Amino acid sequence: MSASDTTRPVRRYEHGSRVPGWDEAADLTKDPAEIPDPATTPVPDDLRAEIEAHMANYPDRRSATLPALAAAQRVHGWCSPQAIDQVACVMRLTPAYLASVATFYDMLETTPVGRHAVYVCTNISCSLCGADELYDAIRDAAGEDPEFNVRAFECLGACDIAPMASVDGVYVGPLSLEDIPQLLDDARAGRAVLPEKQLARRLVADPHANSQEFALHAAQPGTGSAQAQDAPTGTSPGANPDIDPARASFGPPMTEDRPGPAAPHEESHTQPPHEGDVPHQARSDQDIPHHPHEPPHPDAEEPQG
Amino acid sequence: MSELLLFADIDEPGLNTMEVYQRRGGYESLRRALAMPPEAVLHELEASGLRGRGGAGFAMGKKVSFLPKGGMDKYLVCNADESEPGTFKDRELMQKTPHVLIEGIVIASYAAGASRSFIYIRGEYQLQADMLDAALTEARAAGFIGENIVGSGHSLSLVVHRGAGAYICGEETGLLDSLEGKRGNPRLKPPFPANQGLYQGPTLINNVETLSTVPTIIRMGGAEYAKLGVETSTGTKLVSVSGHVQRPGNYEIELGIPSREIIYGLAGGPPNGRGIKCWFPGGSSSPVLTADDLDVPYDFDSLAKAGTMLGSGAIIVADDQTPIIDIALKVAKFYRHESCGKCTPCREGTNWTVKMLQRIDAGEATPMDLDIMASVQEHIMGNCLCVLGDAMAMPIGSLIAKFRPEFEAHMEAARLRAVAAGTEATASEGVLSAQGAH
């Protein structure tokens, strides 16, 4: 039931510390890694362009560390030594500095993880509503499936839909144990996860807020809106430092061998959100998969037990 | 209250777009404010009595006035980290009406003389960050962000900066370090951010809700806004109600209404006719109140008088069936996980508290452990660079003070269970080591 001992079965968190690697001996014969040489450190062009665009956003390039690491994580799946070297090479920082930052933040992974992030909130409001049982059940259902990175997470800021989870960045709730098979299937198949239960659809709870009845919001904000195509968001990264090339820093990771364009998942998010009065039926749009290049998981139809 | 200020028709389709926002009068406050001298805008903010909505409740106008005058680079940072457990009000605003935040940022930056601004949003809020980014693109295109905004001579850049998951980055100096690309460790204060903040420059940091209220203040006039609420807590406040209530969610209330009206009237109270055992009035960092305190007016000073705080406006309700030890453990484990480790009292104190609570839960503790635990809380308070440790010490201290008999009963019941299970030896060993440890 504890947050820290349910986070992940990583032994080094045992003593409550946030310093991974405390039980690994340092190799004192080695010099600390220096800033990687661009001549010997290949960096995918897209990643380089994105990091450079982030650096241009700030008076001090170092401020781009978090967005840059997030971008590298999206390409490599985690903050691998190679990912950190690439960021270090573009940002002209030491790998040690970047590793020190990466180990501080919960959303930056310092070990290889499954590509689908399922964060289950187990903080106080959600746990009052049964989040601990939910987390255990999701972890059991995902089992050993390497596609999934199921974690108990601290308050995700959605206590109104408790108990809830964030599946590849999409908030869903309130979840019951019966929702779990579909949740995992949707994530595996790259579909919109539990569209009926997405936070994006919800209206505000305050009964005095709306002077009239408004339809529920569309589950997938912005999908299929023409307006988005006109917006100058498609400008190539780096062309205009004022335009942020990467929308969602934390998309689902791409596979290592395909560091192609930004994941379509992110692009769909850049489009103007909730085309308001599109109720339920319009959900055919949502069938736009998050990973169109990716064949559905062979086990997609079988909920794992 | 007849009309809501922040939540009025918030679910209107397309409110997140420039078109609908402007049709509803959006960015008119910006035009009006930028036609006034900055001092006059500051005067309106001060007259409004607006207190920071992020947790500390510091007067916003005063905070702006603390920034030094002069031509140096000044920064405005919007704190959208919103990671206090139980809080989800900023999420609703950013997702549904991002332009009001952008408008507020421009007006506040004008009053403060800041030329660069950042929204530090927690990395988990992807949808909300996307909404802000889309709105920002529109605002740039419309000339509300950039050089010489609406011909006023005021220029402002704005960047939406996504965090990566750390509670401590909601603390203002931890946030600044994180925004500078470092680990989010809080800094020693003073110097305060108003003098040396981001990149060592004068920095104004405000919460999303605070900045989103600014356009309303300009529209109504500071003096008129100050008529809402009560004398020292003016205006309206978004409260996030969660836990054991029938209608969890965000509500906009006029400050000073009885807490009962929020918990029972708006949120419907606990389901199944249960009573309330305890409730956090301002996020999990606030000392708890009980069912006896339901008539305390919900405003900054009344809650302070009741020994707690309004904090971020997050009410978490636990019904009378909830074991108090579970609440204490959840809270303590959260702060242990989120402690950045810079200051010893917080790093060790949170860990000890969790261990002692686990001993209580396992039946290995003695009543003396409660005293030790209470004294640990006292030794955390005020002894660290930031208030993360205090944020655990306050609720845990209040839980021990208010529910001591329940802790003791739980301890005894757990001990008897352990004995009955034939593990007496283990249990008494635990007691001995517990005493020996201190």
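Visitor: Is helix α4 (residues 81-91) of chain A largely enclosed or largely open, and why?
Guide: In this predicted model, nine of the eleven residues of α4(A) are buried.

Visitor: Which elements do the buried residues of α4(A) pack against?
Guide: The buried residues of this helix include A83(A), I84(A), D85(A) and Q86(A), together with V87(A), A88(A), C89(A), V90(A) and M91(A). Just after the helix, R92(A) takes a positive phi of about 60°. The partners against which the buried residues of α4(A) pack belong to chain A, and they are α2 (45-56), α3 (65-76) and α5 (95-102).

Visitor: How many residues does the largest nonpolar core have, given that V87(A) and M164(A) are among its members that touch the most others?
Guide: V87(A) is also one of the buried residues of α4(A). With L69(A), V120(A), M164(A), V172(A) and W279(B), V87(A) touches the most other members of this core. Leaving aside neighbours within four places in sequence, M164(A) is in contact with residues including C121(A), L156(A), Y171(A) and V172(A). The number of residues in the largest nonpolar core is 207.

Visitor: Which residue in β8(B) is the bridge partner of K237(B)?
Guide: β7(B) is largely enclosed by the rest of the structure, since eight of its eight residues are buried. β7(B) pairs with β8(B) in the antiparallel sense over six bridges, and the two strands form a hairpin with five residues between them. Within β8(B), the bridge partner of K237(B) is I253(B).

Visitor: Which residue in β11(B) does S240(B) stand opposite?
Guide: β7(B) and β11(B) pair in the parallel sense, over four bridges. In β11(B), the residue opposite S240(B) is A314(B).

Visitor: How many charged residues are on the side of chain B that touches chain A?
Guide: The contact takes 64 residues from chain A and 69 residues from chain B. Among the elements of chain B that each supply at least two residues to this side are β7 (236-243), β8 (249-254) and β11 (314-319). By class, the side of chain B that touches chain A has 25 nonpolar and 24 polar residues, and the charged residues number 20.

Visitor: Where in α16(B) does the kink of about 85° lie?
Guide: Helix α16 (residues 388-420) of chain B has 33 residues, yet its end C-alpha atoms are only 40 Å apart, short of the 48 Å that a straight helix would reach. The kink lies shortly before the proline P405(B), at F403(B).

Conventions: Residues are numbered from 1 along each chain as its sequence is written. Chains are lettered from A and ligands numbered from 1 in the order in which they are written. This is a predicted model: local features need pLDDT of at least 70, side-chain atom pairs count only at pLDDT 80 or more; totals for chains, interfaces and linings use all residues. Two residues are in contact if their C-beta atoms, placed from the backbone, lie within 7 Å. Ala, Val, Leu, Ile, Met, Phe, Trp, Tyr, Cys and Pro count as nonpolar, Asp, Glu, Lys and Arg as charged, and the others, Gly among them, as polar. The expected span of a helix is 1.5 Å times one less than its number of residues. The bend at a residue is the angle between axes fitted to the seven residues ending there and the seven starting there. A nonpolar core is a set of buried Ala, Val, Leu, Ile, Met, Phe, Trp, Tyr and Cys residues joined through C-beta atoms within 7 Å. A residue is buried if 20 or more other C-beta atoms lie within 10 Å of its own, exposed if 12 or fewer, and partly exposed in between; C-beta atoms are placed from the backbone. Two strands pair if DSSP finds at least two bridges between them.
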